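Colleague: I am new to this model and would like to look closely at one part of it. Could you take me through the metal site, and then through what surrounds it in the fold?

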Amino acid sequence: MPRLASAAAGLAAVLAIALPAQAQESATATLNDPEGAALGEAMVTETPHGLLIELVVSGLSPGEHAFHIHETGDCSAADFTSAGGHFNPDGHAHGYLDPEGIHAGDLPNIFADDAGVAHVQTVAAGLTLADLFDADGSAFVIHAGADDYVSQPSGAAGGRVACGVIEG
Ligand code: ZN
């Protein structure tokens, strides 16, 4: 075996020992439209202040869209209702502007440009990857309209236009 390849194999073996699956620090999701076409990718990285979410998505209508973490990792229904409601393990009300809020899965609206593309960096404060990988998993959902941050139970954001199961 060439020396470099041997060294790489040795390093891989060390990393495999040093990074067991339980110590996972990031996750990904592919967001699809209701016809199953991929619209974008999200990367989730655990930080001391919550989960950093980096999203690149296209194919949206220009303008403001609600973006949330939903409680079930299931995008199989044609209208994405299989993803359930917003991730809300603490039983809060929806929205940044509700004094009883917010849902742990509530995130700021995203903005698509005139070409329907959005580049997003946002933090879900206080959440960990372990929270997302509960028994039934979690999913990202983008809605047709904006979240008004106060209407119950989900910000009057309209239908679900993209969904992606969060995967380790
Ligand atoms: Zn909510």
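Modeller: Let us begin with His 94, which has a relative accessible area of 0% and is therefore buried; that word stands for under 20% relative accessible area, with exposed meaning over 50% and partly exposed what lies in between, calculated with a 1.4 Å probe on protein chains only. Please keep in mind that this is a predicted model, in which local features need pLDDT of at least 70 and side-chain atom pairs count only at pLDDT 80 or more, while totals for chains, interfaces and linings use all residues. Residues are numbered from 1 along each chain as its sequence is written, and side-chain values use heavy atoms, with hydrogens and water left out.

His 94 gives its ND1 atom to the zinc ion, and the other protein donors are His 86 (ND1), His 103 (ND1) and Asp 106 (OD), lying 2.0 Å from the ion. Donors here are N, O and S atoms within 2.8 Å of the metal (3.2 Å for Na, K and Ca), and since water is not among the atoms, sites may look incomplete. The angles among the 4 donor atoms run from 103 to 119 degrees, and the site is tetrahedral, a label given to four donors if all angles lie between 85 and 135 degrees. Along the chain, the donors follow the spacing H-x7-H-x8-H-x2-D. His 94 and Asp 106 both lie in the loop between strand E5 (67-70) and strand E6 (110-112), so this pair ties together parts that are 12 residues apart in sequence. Strands (E, at least two residues) and helices (H or I, at least four) are DSSP runs, numbered from the N terminus. Asp 106, with a relative accessible area of 3%, is buried.

The loop between E5 and E6 also holds Asn 109, which is buried at a relative accessible area of 7%. A polar contact of 2.7 Å joins the side chain of Asn 109 to that of Glu 64; such a contact is a pair of N or O atoms within 3.5 Å, where, within protein, one must be able to donate a hydrogen and the other to accept it, and residues adjacent in sequence count only if both atoms are side-chain atoms. When neighbours within four places in sequence are left aside, Asn 109 is in contact with several residues, including Glu 64, His 65, Asp 147 and Tyr 149, contact meaning heavy atoms within 4.5 Å. From C-alpha to C-alpha, Asn 109 and His 65 are 5.4 Å apart in space, although 44 residues apart in sequence.

His 65 itself is found in strand E4 (residues 63-65) and is buried, with a relative accessible area of 2%. A polar atom of the His 65 side chain lies 2.8 Å from the backbone oxygen of His 143, and among the other residues in contact with His 65, again leaving aside neighbours within four places, are Leu 60, Ile 110 and Ile 142.

The loop between E5 and E6 has a further link, through Cys 75. Cys 75 and Cys 163 form a disulfide, with their sulfur atoms 2.0 Å apart, where the term covers a pair of cysteine sulfur atoms within 2.5 Å. Because Cys 75 lies in that loop and Cys 163 in strand E9 (residues 160-165), the pair ties together parts that are 88 residues apart in sequence. The torsion about their S-S bond is about -70 degrees, so the disulfide is left-handed, and both Cys 75 and Cys 163 are buried.

The structure also holds 2 aromatic pairs. The rings of Phe 67 and Phe 140 have centres 5.3 Å apart and planes at 25 degrees, so they are stacked. Rings of Phe, Tyr and Trp (its six-membered ring) pair if their centres lie within 6.5 Å, and planes under 30 degrees apart count as stacked, over 60 as edge-to-face and the rest as tilted. Phe 67 lies in strand E5 and Phe 140 in strand E8 (residues 139-143), so the pair ties together parts 73 residues apart in sequence. Phe 67 counts as buried at 0% relative accessibility, and Phe 140 counts as buried at 0% as well. The rings of Tyr 96 and Tyr 149, with centres 5.1 Å apart and planes at 85 degrees, form an edge-to-face pair. Tyr 96 lies in the loop between E5 and E6 and Tyr 149 in the loop between E8 and E9, 53 residues apart, and Tyr 96 is partly exposed at 36%.

Terms used. Tetrahedral: all angles 85-135°; square planar, octahedral: opposite > 155°, others 65-115°.
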